[in-house]
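Please read these notes with the model open beside them.

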Amino acid sequence: MTLTGHLSDLRNCLVIIALTFIVAAVVCYYFAPDFITYAMGRADEYDFIQTGVAELMAQYIKVALIAGLVISSPVIIWQVEKFVGPGLKKSEERKFLAVLIGGLVMFVIGALFANFIVIPFTLQFFLSLNTIGISGLYSIKEYISYIVTMLFSFGLVFEIPVVVAVLSTLGLMKPQWMKAARRFVIVACVFLGALITPPDITSQIMVAIPMYILYEVSIVICNVIYTQRIRKMIAQGIDPEDEEAARKAEKSTSRWALAKAMVDKKDQEKKKGTSN
C-alpha cells in the first residue's frame, strides 16, 4: 500500500473513533446525573455542596467524557487492530489483539475493585477519624475528582501483569530479575501509591498492597512465558545463552560504530560500482 493509502486508512480509523467517542459521550451526558447520584449514594453520611455556579455541570461533562471513552474503547481497539493488523504476521496480530483486550479487561477489573472495595472502605475510614463531632460540607467537584482518581489509579495498577507479559514475550524481562528486585519493588509500590492517589495514607496503602500482589502474579506470568520461550528456542536449535550473548553484544555496540559501518559499506558498494 502507498503512503497515501496508509494515510487514508489512518484518517478513516480516526474519524470512526472520533464519531464513536462523541456519540458515546453525548449519550453518557444524559446519564451523568444518575452516575453523580450513585456516587453520592456511596457516601450516605457526607453532605455535598457546589462552590461555583457551573461546578455541577462541569462534573456532568467530566463524567460524560470519561464514560464515553470507556464505552467507545472496544471500537478504539477494533480500529487500532484494523490499522496495525495488516502489517503484522498472524501470530503477531493475535498477540497484539490479546494485549489490547487484556489491557482493557484488567483496567475494568481494577476500576471495579476500586469501586466496590477500596472506595467504600476509605470513605468509612475518613468518617471514623471524625471523633470530635466536626460537621463537614464537601465539594462535589473534589468528591468526583477523588472517585475518578481512584478508579483510574487502580485501573492502571491492574495493568502490571499485561505490561510484564508483553516485556516477557519480547525477551526484555526475566523472572530472575523480578525476584531479585522484590525489595526495591516494595519501596516503589509505596512511592507510586503516594504519587497516584489522594494525599492520605489509607489510599496509599490500599494501592500499594494490590500493586505488590499483582507484581507477584506477574512473576508467575513471566516465568511461564520465559519457560515457553526457552523451550521454543531449543526446539528451533537456538542456544539461549548464545542468543543472550549476541543481544548484549548488539546493545554494547555504539550508534556511532553502527553508523560508521553503514557508511563504509556504502562506500565499498560505490567503489565496486565505479570499477565495474
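The points below concern a predicted model.

1. Helix α1 covers residues 3–41, which is 39 residues. From its first C-alpha to its last α1 reaches 53 Å, close to the 57 Å expected at 1.5 Å a residue.

2. Which residues of α1 are buried? They are G5, C13, I17, A24, A25, C28, A32, I36 and A39. The cover over these buried residues includes α2 and α4, the latter spanning 140–157.

3. E81 deserves a separate entry. This residue sits in helix α2, residues 55–84. Is E81 buried or exposed? Its relative accessible area is 13%, and because the cut-off for buried is under 20%, E81 counts as buried. Setting aside neighbours within four places in sequence, E81 is in contact with P86, E93, F96 and L97. Of the helices, α3 runs over residues 90–128.

4. On aromatic rings, the count comes to 10 aromatic pairs. One of them is F113 with F154, a tilted pair at 5.7 Å centre to centre and 50° between the planes. F113 belongs to helix α3 and F154 to helix α4, so the pair ties together parts that are 41 residues apart in sequence. The two partners can also be described by accessibility: F113 is partly exposed, at a relative accessible area of 24%, whereas F154 is buried, at 0%.

5. Y212 and Y215 make a further aromatic pair, this one stacked, with 6.3 Å centre to centre and 25° between the planes. The angle qualifies as stacked because planes under 30 degrees apart are counted that way. Both tyrosines lie in helix α8, residues 201–235, and are 3 residues apart, about one turn of the helix. An α-helix has 3.6 residues a turn, so residues three or four places apart point the same way. Y212 is partly exposed, with 23% relative accessibility, while Y215 is buried, with a relative accessible area of 11%.

6. Which residues form one aromatic cluster? The members are Y46, F48, Y138 and Y143.

Definitions and conventions
Residues are numbered from 1 along each chain as its sequence is written. This is a predicted model: local features need pLDDT of at least 70, side-chain atom pairs count only at pLDDT 80 or more; totals for chains, interfaces and linings use all residues. Side-chain values use heavy atoms; hydrogens and water are left out. Helices (H or I, at least four residues) and strands (E, at least two) are DSSP runs, numbered from the N terminus. Buried means under 20% relative accessible area, exposed over 50%, partly exposed in between (1.4 Å probe, protein chains only). Contact means heavy atoms within 4.5 Å. The expected span of a helix is 1.5 Å times one less than its number of residues. Rings of Phe, Tyr and Trp (its six-membered ring) pair if their centres lie within 6.5 Å; planes under 30 degrees apart count as stacked, over 60 as edge-to-face and the rest as tilted.
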